[in-house]
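Below is a short briefing on one protein model. It starts with the ligand shell and then turns to the fold, the core, the domains and some local features.

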Amino acid sequence: MKPLYGLVGRRLGHSFSARFFADKFAKEGIDAEYRNFELTTIDELPRMLQENPNLKGFNVTLPYKEEIIPFLDSLSGEARQIGAVNCVKVEDGRLTGHNTDAYGFCNSLLHLIGNERPDALVLGTGGASKAVKYILQQLGIRFRCVSRSHKNGDLTYDDLAANPSIVGDTKLIINATPLGTFPDVDTFPDLPYSAVTPGHYFFDLVYNPEQTLFMRKGAEYGAKTSNGYEMLVGQAIKAWGIWSGNE
Ligand SMILES: NC(=O)c1ccc[n+]([C@@H]2O[C@H](COP(=O)([O-])OP(=O)(O)OC[C@H]3O[C@@H](n4cnc5c(N)ncnc54)[C@H](OP(=O)(O)O)[C@@H]3O)[C@@H](O)[C@H]2O)c1
């Protein structure tokens, strides 16, 4: 049986990962298969593993990046600190969880901000924001989180509307919410955009569409922008490094 890799999530449709790995295997002559595994609940994981003994590794996406952790035998140091797993290596029946979103985000963010380390606002408090916050800490970037509620002492969008100078003074704004994702392309985080300056950086984790409304609104006031595509490619390349033993 040829080695099998895959993506575990709830609703996968036409996933980027399946296309990325099919192309990679074809181009590089790698005799392996990549398949989507749609699980209704994460409790279906042990059966999926049993039925696919040739599975060597898999990516994990919504909504299982945190729920998968109790099913794993060990975690990389990064995944443990982040508290979310998007890549699992299977070796002799043992599952090790990694977080390659963090690596993908870090590389892509550094292409946007270069040597600058501006204070940041992180919009959204889900699994993706955990990897973002971990990297900001590693880079020595001070940040505050923005949420729809005041849980954990986060800022709210109302706080930003009442004090637009918070946005004006915080030069790196990272969208880690799904707002703006196809087909809801006319949605965007509710920010006082008129406080944005040409000194701002807008990083959107969303990669479809290529230019989100969040990016477009930032760019209107001169902000430099990046979407989440380079991060997406980066996390996939890193996952392959882990699975193929080159890490
Ligand atoms: N480029 C990449 O490689 C990459 C990797 C991972 C994720 N992503 C993208 O990053 C985004 C976030 O991923 P995730 O896994 O963290 O998703 P998630 O858990 O579904 O949502 C993240 C957070 O966004 C906020 N949010 C959700 N719906 C909202 C709404 N209607 N209005 C305002 N805020 C809302 C929530 O925070 P509050 O409840 O605190 O407001 C939520 O916890 C997704 O679009 C995902 O596709 C991209």
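Which helices each supply at least two residues of the shell around the ligand? They are α4 (101-113), α5 and α9 (229-243); helices (H or I, at least four residues) and strands (E, at least two) are DSSP runs, numbered from the N terminus. The model is a predicted one, in which local features need pLDDT of at least 70 and side-chain atom pairs count only at pLDDT 80 or more, while totals for chains, interfaces and linings use all residues. Residue numbers start from 1 along each chain as its sequence is written.

**Ligand shell**

- The ligand has 23 residues around it, and Gly-124, Gly-126, Ala-128, Ser-147 and Gly-228 come nearest; a residue is near a molecule or strand if its C-beta atom, placed from the backbone, lies within 6 Å of it.
- By class, the shell holds ten nonpolar, eleven polar and two charged residues.
- In this classification Ala, Val, Leu, Ile, Met, Phe, Trp, Tyr, Cys and Pro count as nonpolar, Asp, Glu, Lys and Arg as charged, and the others, Gly among them, as polar.

**Overall fold**

- The protein contains nine helices and twelve strands.
- Its C-alpha trace spans about 60 × 40 × 35 Å along the principal axes.
- Of the 247 residues, 39% are buried; a residue is buried if 20 or more other C-beta atoms lie within 10 Å of its own, exposed if 12 or fewer, and partly exposed in between, with C-beta atoms placed from the backbone.
- Among contacts with a separation of 6 or more, 62% join residues 24 or more positions apart; two residues are in contact if their C-beta atoms, placed from the backbone, lie within 7 Å.

**Nonpolar core**

- The largest nonpolar core has 59 residues, and those with the most contacts inside it are Val-60, Val-122, Ala-131, Val-132, Ile-135 and Ile-174.
- Helix α5 (residues 127-138) gives the most to this core, with six residues.
- At least three residues of this core come from each of domain 1 (4-99) and domain 2 (102-230).
- A nonpolar core is here a set of buried Ala, Val, Leu, Ile, Met, Phe, Trp, Tyr and Cys residues joined through C-beta atoms within 7 Å.
- Apart from neighbours within four places in sequence, Val-122 is in contact with Ser-129, Val-132, Lys-133, Phe-143, Cys-145, Val-146, Ile-174 and Ala-176.

**Domains**

- The protein is divided into domain 1 (4-99) and domain 2 (102-230), with bounds from an automatic or database domain assignment.
- The centres of domain 1 and domain 2, taken over C-alpha atoms, are 27 Å apart.
- Eight residues from domain 1 and five residues from domain 2 form the contact.
- On the side of domain 1 that touches domain 2 there are two nonpolar, three polar and three charged residues.

**Leu-112**

- Leu-112 is in helix α4 and counts as partly exposed because 15 other C-beta atoms lie within 10 Å.
- Leaving aside neighbours within four places in sequence, the contacts of Leu-112 are Tyr-201, Phe-203, Lys-224 and Ser-226.

**Cis peptide bonds and positive phi**

- The bond joining Phe-182 and Pro-183 is cis, with omega about 5°; Pro-183 lies in the loop between β10 (172-175) and β11 (201-204).
- Asn-208 to Pro-209 is also a cis peptide bond, with omega near 10°, and Pro-209 is in the loop between β11 and α8 (213-220).
- Asp-92 is not a glycine but has a positive phi of about 50°; it sits in the loop between β5 (87-91) and β6 (94-98) and is exposed, with 4 other C-beta atoms within 10 Å.
- Asn-152, in the loop between β8 (143-147) and β9 (155-156), has a positive phi near 55° and is exposed, with 8 C-beta neighbours inside 10 Å.
- Lys-151 is found in the loop between β8 and β9 and is exposed, with 10 other C-beta atoms within 10 Å.
- Lys-151 and Thr-125 are 26 residues apart along the chain, and their C-alpha atoms are separated by 9.8 Å.
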